[in-house]
Structure formats: C-alpha cells, structure tokens
Amino acid sequence: MSYGNRMERLRGELGSLEVDALLVTDLTNVLYLTGFSGTNGQALVWGAGAVFMSDPRYRARAKQIVREAEVVIYPDRLTDALGDRLRSAGVQRLGFEASTVTVAERDKLAERLEGIELIGTAGVVEGLRRAKDDDEIEAVRRAARLADEAFEWVLGRIEPGRAERDVALELEMHLRSEGADDVSFEPIVGSGPLSAHIHHTPGERTIQRGDLVLLDFGARISGYCSDLTRTVAVGEPTPEQRDVYAHVLEAQARGIAAIAAGADCRPVDAAARDHLAARGFGEEFAHGLGHGVGLDVHEAPRLHKSSEDTLVEGDIVTVEPGVYRDGWGGIRIEDCVLVTKEGAEVLGRAPKEELASV
C-alpha cells in the first residue's frame, strides 16, 4: 500500500479546507493513512510533515508498522504531544474529524490548545478512500473469491432441522480457517419468514423444507472487505419463489449495467428499482441498491434514490436488490462491483443464474 501517496493526497486537500493541518482520529482513516490498526491512534498531517501518535501500549507495534509519519508516544494525554507539534509547525487553524470527536473532546482540545482555532471537517479522508488503487482492488478481489468458495461450501450445511445460528457459526469458522483475517460482519442466515428481515440476526429457528434461506456474509483480507448475498430454497422451489427470484436477478443485472465512472448514483438505483416497481414489488424493495465497500463494509458512495454521489473509477460498490414479504420470506442477490472506465466488473463468481435448491 502506498501510504506516502495517501499522505500527499491529503495534504493537497488542506488548502480547500482552509486549515493548516488535519487531526485524523477515525481509526479506519488512521489505518488508511499509516497502516496502523489498534484501539488508539491518531495522525496529524500538515504541509511539511506527519506524526502518528498513540499510547505506550503500541510503542513497538507503531514503530514496526508506521513508515510515512514520525511516531510519537504520549504517556498520558494526546494533547501532551499534540500541542508541541502544532506550535513547532506553525499551525493556527487545525481541522478535526467532526464525526469522531465528541463535543466534550472538542472542548478539551480548545482548552488545552489555546490560541489554535479548531475547524470541524467531514468526509475528507473518506473521500480519498473511495477510488481504490491496484493493491486495494486485489485485496477486495481476494476477499470476494473467498466468499464465493464459502458459499459453495455452506450449501452442504443447509438442511432441514439445522438452526440458523449453527449454520452462521460454521460459515464464520470456515471463512477464518480458509484465510480470512476476519469476517466483514457477523454472517446473516435468515430462514423461512425470517429471510424477509433485511438485517436478520441468526437465531434458534430451525430450517424447514420449503424455506427460502438468505445468506449474507463477507471476508476481510488485508483490512479490506467483501460482501456477498445469495438466497437458496430448501427443497424444490415453488413457481412463485422462482418468479420473484428471476425478477430480483434481472433488477441486479439492470443496476450493474447502469454503473460507469461519472454516473450519478440515483439513476443507478432507479435502474433496478423501476424494474421491481413495474412488476408490483416496489413496496417490497425497502433499502438502497448498494453501498461502497473497502476498509469498511459500508462506506461511500451510496446507491440510493436520495443519493447525491457520483461514481468514480475505482469505486467498489455492492449491487443488492431484494424483495421482502412479511410471512413469506425474502430474496436478495448481492455482489461487489468495481467501477471501471468501461463500466463495471463484478468481482464475485458465486452462482446466481437461477434459484438454487439444497
């Protein structure tokens, strides 16, 4: 990963923010800029330099990992190290990440950094994170391949009488044993009417013949996430299940076809949503078409009917239309998609051409 290039890109944003330096406190953003992962770390970036700061627990780890910033270990409070650095760099206007600094923390900073104006910022590093470089794309690609393999594997664990939570646990263990550093999120296994719960927590319900089973999961490799959803039928699918599945699959295909660098996100969402609405499923597609994926499993941009985002080359987004009916069940199909100059590349290869049965 080119952390030095990321620092330079951030420095290029300082002028438009009208700040002399930016204090980065969101741990995912710190990871993006420095490579450091842990429970406490901050990065201070200004025109002529950068400092990574943490407490003594991370002294050895930080010195081993962080290469593009000076490592400073403070014994007690962040401001013990921060004040001296700001004054020596001549910083008068300090930007901070308003999404991770509480009002109380901001007040403490103002008290201890007397004479320095504090400016709240939003989405600065997150904006830099959107267009993935080759290393990031390869990490997501590897994570998607691992999820593909796990889907094929877990089909053999879905059978009548098995509890949702047992299948979810086995799926997580398999992902880890096959090379995932972590899971992107706790796997979702929703069966029967519970498959209509968009973000279901697997429970004690046992899978039954005739159920739809919705599987939503992902792997994390080198910090980067994949996100995959497939829906399968237990036993021979009914004509209605096949019909709804076919419409969801067509909606996904239309959404993917609308993706290209420079495309506004609302029309991309509409390409899938309008297809389902025209067939009477409009009220049953109750979420956005997708979201960005990277170091976070949910990040910018948003494919949503109210989104103001525009796709850029290097974005990786999910495309995940669904139909959810109370008491009947739900069907969702999701893949990670890379935005390219030519349009879109689906990163996953898990089968989806028809409603699979187990």
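Predicted model: local features only at pLDDT ≥ 70, side-chain atom pairs only at ≥ 80, totals over all residues.
Residues are numbered from 1 along each chain as its sequence is written, and side-chain values use heavy atoms, with hydrogens and water left out.

Figure 1. Helices (H or I, at least four residues) and strands (E, at least two) are DSSP runs, numbered from the N terminus.

**Figure 2. The strand partners of β3.** Strand β2 (residues 42-46) runs antiparallel to β3 and is joined to it by five bridges; two strands pair if DSSP finds at least two bridges between them. In this pairing, W46 stands opposite G49. With two residues between them, β2 and β3 form a hairpin. Strand β4 (residues 70-73) runs parallel to β3, and four bridges join the two. Here V51 stands opposite E70.

**Figure 3. The largest cavity.** The structure holds one cavity of 30 Å³ or more. A cavity is a set of points, on a 1 Å grid over the protein atoms alone, where a 1.4 Å probe fits but cannot get out, and lining residues have an atom within 4 Å of a point. Grid points are joined across faces, edges and corners, and a volume is the space filled by probe spheres set on the points. About 50 Å³ of space lies in the largest cavity. Among its lining residues are A144, D148, S226, C336 and G348. Helix α7 (residues 134-154) supplies three residues, the largest share of the lining.

**Figure 4. Helix α9 (residues 239-257).** The 19 residues of α9 should span 27 Å at 1.5 Å a residue, and the end C-alpha atoms are 27 Å apart, which agrees. The expected span is 1.5 Å times one less than the number of residues. Buried residues of α9 include Y245, H247 and L249. E240 is also found in this helix, and counts as partly exposed because its relative accessibility is 40%.

Definitions and conventions:
1 Å grid on protein atoms, 1.4 Å probe; cavity = no way out; pocket = protein on both sides within 12 Å on 5 of 7 lines; lining within 4 Å. Buried < 20%, exposed > 50% of the residue type's maximum accessible area, 1.4 Å probe, protein only.
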